[in-house]
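Here are my notes on the model, point by point. Please read them alongside the coordinates.

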Amino acid sequence: MNINKIDLNLLIYLDVLLRECNVTRSASKLNITQPAMSNGLKRLRDLLGDPLLVRTSEGMKPTEKALRLQPIVRKVLLELEEALQPEADFNERTSTRVFRVMASDYAASTVIPRLLTRLREQAPGITIDIMTPSDVTFHDVEAGKIDMAINRFEELPQSFHEKSVWHDTFVCMMAADNPVAKNFTLETYLEAQHIWVSKTGFGVGVGMDPTDVQKLGWVDEALQQQGRKRSIRVFTRSYHTAMHLALEQDLVATLPRKVAMINRNNPDLVILEPPFTIPPIELKMIWSPLLHHDASHIWFRKQVIELANELKSQNYHR
């Protein structure tokens with residue numbers, strides 16, 4: 001039998017007929033005429049090759065085939081009805097949903113702490129599963145296995161939804177007793193030893209080549225535009241590691257402003273404006289089209305953007 005030829009209304013008729021075992025009552029339940037119900041029963045009998053309901057001294061009784069079909073038809077119709085119901089409003093106060101978020105080290109340092117504070121206040125039962133870029137792939141995001149990825153992206157599949165979280169500028173961080181801090185110019189910057197921090201994407205990281213400027217990222221590309229080059233002594237994939245290493249007297253870390261300002265009150269560190277122009281970076285959040293209309297996901301995206309707007313309004317300078 002070709003299932004494409006089955007009228008969904010006939011399954012509804014069959015479900016009611018097998019529960020009522022009476023054509024007149026079934027017609028009343030479905031708010032149709034008795035002749036229409038009788039015609040539906042005839043079509044079902046022709047389709048299934050079985051009388052389905054037979055007359056006995058005790059009234060209409062289902063056949064063996066009808067009894068086998070009854071729980072199957074009921075289950076299919078209930079599942080379909082549930083799937084077609086309007087999406088229930090999301091209640092963050094009572095939800096115990098787990099949101100899986102891929103966050104780069106930069107995003108995990110700046111966005112996630114504020115997000116957790118907000119969730120503790122508004123949605124105490126919600127859990128965040130934070131994953132690193134090496135934990136997931138674009139396919140995981142597209143399939144909806146990851147609720148959201150927050151990172152800096154250069155190219156994205158067209159099927160993804162995306163929204164800018166913010167743009168960020170760069171600053172230079174170094175130990176308060178670093179000699180460079182007393183006379184911070186482009187020349188002294190280039191004479192110093194530097195900490196490089198990865199621009200993370202998806203997938204497992206690879207070793208860095210100090211001579212491959214194209215893979216070094218924004219800071220080194222900006223210097224190359226001036227025909228200059230800095231001396232990198234440490235490569236790291238962690239902004240927290242970079243900030244800790246900046247306490248060393250001879251090292252300079254050039255970092256996005258929002259992550260550097262985590263240590264703005266540390267008296268052992270100083271934060272200075274770069275002595276050359278570095279283009280700003282953009283942090284984005286991306287998610288699967290499969291989750292775009294989900295009520296809980298819409299609420300979650302709103303939380304990220306609201307806290308991002310709060311952070312954007314804080315113009316840190318030091």
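1. Among contacts (heavy atoms within 4.5 Å) in the protein chain between residues at least 6 apart in sequence, 76% join residues at least 24 apart.

2. On provenance: this is a predicted model, where local features need pLDDT of at least 70, side-chain atom pairs count only at pLDDT 80 or more, and totals for chains, interfaces and linings use all residues. Residues are numbered from 1 along each chain as its sequence is written, and side-chain values use heavy atoms, with hydrogens and water left out.

3. The protein chain holds 12 helices and 12 strands. Both are DSSP runs numbered from the N terminus: helices are H or I of at least four residues, strands E of at least two.

4. The protein chain has 318 residues, of which 42% count as buried. Buried means under 20% relative accessible area (1.4 Å probe, protein chains only). The chain exposes about 17,200 Å², and carbon and sulfur atoms supply 50% of that. The areas come from the Shrake-Rupley method with a 1.4 Å probe.

5. Helix α9 spans residues 218-225, and Val219, Asp220, Ala222 and Leu223 are buried there. They lie on the same side of α9 because they cover an arc of only 155° around the axis. The arc is taken from the directions from the helix axis to the C-beta atoms. Just after α9, Gly227 takes a positive phi of about 75°.

6. Gln303 sits in helix α12 (residues 295-312). Is Gln303 buried or exposed? Gln303 counts as buried because its relative accessibility is 2%. Leaving aside residues up to four places away in sequence, Gln303 touches Leu115, Arg118 and Gln122.

Definitions and conventions. Buried means under 20% relative accessible area, exposed over 50%, partly exposed in between (1.4 Å probe, protein chains only).
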